[in-house]
Amino acid sequence: MRIILKLLAAPFVLVLTLLVAVLNFAFSFASWVFCALSFLCLIGALFALFTGDRWGIQGLVIAFAVSPFGLPAVAEWLIDKLDSLNYSLKSFIIG
């Protein structure tokens, strides 16, 4: 019965390995884009805040969301969880 479960887990390991690799590549590219976007939002929000426009606070919130502490941190956490699941399945198949 254990051998059957190992055979069933093997395709999931392959898919998770490829998925984690693709997501890591996409994350590295997206983090660069988000960092540039965060800088632009921060500059625009500070300009709007100092000129008295009402969009200044909302711009700062958007700048924080796309900064490395917002959405990219959530994406990195998700990729790490998928990678740990992949490692667990590999350990189950080998062990």
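The following paragraphs describe the fold, dimensions, surface and selected residues of a predicted model of a single protein chain.

The secondary structure of the chain consists of three helices and zero strands. Read from the N terminus, the order of the elements is α-α-α. Helix α1 covers residues 2-50, while α2 comprises residues 56-66 and α3 residues 71-94.

The C-alpha trace extends over about 70 × 20 × 15 Å along its principal axes. Of the 95 residues, 20% count as buried. With regard to contacts between residues at least 6 apart in sequence, 67% connect residues that are at least 24 apart.

The accessible surface of the chain amounts to about 7,100 Å², and carbon and sulfur atoms contribute 81% of this area.

Helix α1 is not straight throughout: a kink of about 25° is located at Ala9, shortly before the proline Pro11. Ala9 is also among the buried residues of α1, together with Lys6, Val13, Leu16, Val20, Ser38, Cys41, Ala45 and Ala48. These buried residues pack against both α2 and α3. Helix α1 is followed by Gly52, a residue with a positive phi near 90°.

Ser67 lies in the loop between α2 and α3. The relative accessible area of Ser67 is 8%, and this residue is therefore classed as buried, since the cut-off for burial is under 20%. When residues up to four places away in sequence are left aside, Ser67 touches Ser38 and Pro72. Of these two partners, Ser38 is itself one of the buried residues of α1.

Ser91, in turn, is situated in helix α3. Its relative accessibility is 37%, so Ser91 counts as partly exposed; this category lies between the limit for buried residues, under 20%, and that for exposed residues, over 50%. Ser91 and Val66 are 25 residues apart along the chain, and a distance of 35 Å separates their C-alpha atoms.

How values were computed. Residues numbered from 1 in each chain as written. Predicted model: local features only at pLDDT ≥ 70, side-chain atom pairs only at ≥ 80, totals over all residues. Heavy atoms only, no water. Helix = DSSP H or I, 4+ residues; strand = E, 2+ residues; numbered from the N terminus. Buried < 20%, exposed > 50% of the residue type's maximum accessible area, 1.4 Å probe, protein only. Contact = heavy atoms within 4.5 Å. Areas by Shrake-Rupley, 256 points an atom, 1.4 Å probe, with all protein chains shown as cover. Bend = angle between axes of the 7 residues up to and from the residue.
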